[in-house]
Amino acid sequence: MDTSVIPQEVAQFIIDRIDSIGQLEAVLLLRQSPDTWWECKPVSGRLYISEEDCASVLDGLRRQGLLVCKQEKSKPVYRYKPDTGELREMVDRLAYYYSKHLVPVSNLIHVKAQMRMEQFADAFKFLSKEE
């Protein structure tokens, strides 16, 4: 896996803030229309994921400071609004590198997910050794 085409800052941003391809696609989708408040249903339709999974994706991006959320007609709606200019710039750079180097960016996200699963499995190994 060659991720050398991804600048270190962008790679670190992915590692720190993007947990899945769904999150990446969602933040890029909402970034395209930053003045629009999105309900979960249309986002889930555009990402081909369930509304339940989409709610988790969008809330994760909100916790990462990339989206804001408000209640509208008792439903959460989300809008692209990074907490800082630095975050906005990193998402802009991520969008550029994802459009030019889709496979390396995707691989980095998948490696991150794989590493989390291995750490989770290692925790069970550690616990079983202690017993």
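Helix 2 and helix 4 are roughly perpendicular to each other, where angles of 65 to 115 degrees count as roughly perpendicular, under 35 as roughly parallel, over 145 as roughly antiparallel and the rest as oblique. Select these two helices to begin the tour. The model is predicted, with local features needing pLDDT of at least 70 and side-chain atom pairs counting only at pLDDT 80 or more, while totals for chains, interfaces and linings use all residues. Residues are numbered from 1 along each chain as its sequence is written, and side-chain values use heavy atoms, with hydrogens and water left out.

**First stop: helix 2 and helix 4**

Two packed helices are described by the angle between their axes and the distance between the axes. Helix 2 covers residues 21–31 and helix 4 covers residues 51–63; their axes cross at roughly 70° and come within 9 Å. Such axes are lines fitted to C-alpha atoms, for helices over the stretch in contact, and the angles run from 0 to 180 degrees between N-to-C directions. On the side of helix 2, select Gly22, Gln23, Ala26, Val27 and Leu30; on the side of helix 4, select Val57, Leu58, Gly60 and Leu61. These residues make the contact, a term that means heavy atoms within 4.5 Å. By class, the contact of helix 2 with helix 4 has six nonpolar residues, three polar and no charged. In this scheme Ala, Val, Leu, Ile, Met, Phe, Trp, Tyr, Cys and Pro count as nonpolar, Asp, Glu, Lys and Arg as charged, and the others, Gly among them, as polar.

Now select Gln23, which belongs to helix 2. Gln23 is buried, at a relative accessible area of 5%; buried means under 20%, exposed over 50%, and partly exposed in between, with a 1.4 Å probe and protein chains only. Not counting residues up to four places away in sequence, Gln23 touches Arg17, Ile18, Val57, Gly60 and Leu61.

**Second stop: helix 3 against helix 4**

Helix 3 contributes Cys40, Lys41, Val43 and Ser44 to the contact, and helix 4 contributes Glu51, Cys54, Ala55 and Leu58. The contact of helix 3 with helix 4 divides into five nonpolar residues, one polar and two charged.

Which residues does Leu58 contact, leaving aside its neighbours within four places in sequence? They are Ala26, Leu30, Cys40, Val43, Leu67 and Tyr78.

**Third stop: the whole chain**

Helices (H or I, at least four residues) and strands (E, at least two) are DSSP runs, numbered from the N terminus. Of the 131 residues, 35% count as buried. Among contacts between residues at least 6 apart in sequence, 62% join residues at least 24 apart.

In soluble globular proteins, nonpolar side chains tend to be buried together. Here the largest nonpolar core has 34 residues, and Ile18, Leu30, Leu58 and Val105 touch the most other members. A nonpolar core is a set of buried Ala, Val, Leu, Ile, Met, Phe, Trp, Tyr and Cys residues joined through side-chain atoms within 4.5 Å. The elements giving two or more residues to this core include helix 1 (8–17), strand 3 (75–80), helix 5 (85–100) and helix 6 (102–130). Helix 5 provides the largest share, seven residues.

Select Leu94 in helix 5. Leu94 is buried, with a relative accessible area of 0%. Apart from its neighbours within four places in sequence, Leu94 is in contact with Val10, Phe13, Ile14, Ile18, Leu24 and Val105. Its C-alpha atom is separated by 9.7 Å from that of Pro7, 87 residues apart along the chain.

Most residues other than glycine have a negative phi, and most peptide bonds are trans. Tyr48 has a positive phi, near 60°, and lies in the loop between helix 3 and helix 4. Is Tyr48 buried or exposed? Tyr48 is exposed, at 75% relative accessible area.

Ser74 is not a glycine, yet its phi is positive at about 65°. Ser74 is exposed, with a relative accessible area of 69%.
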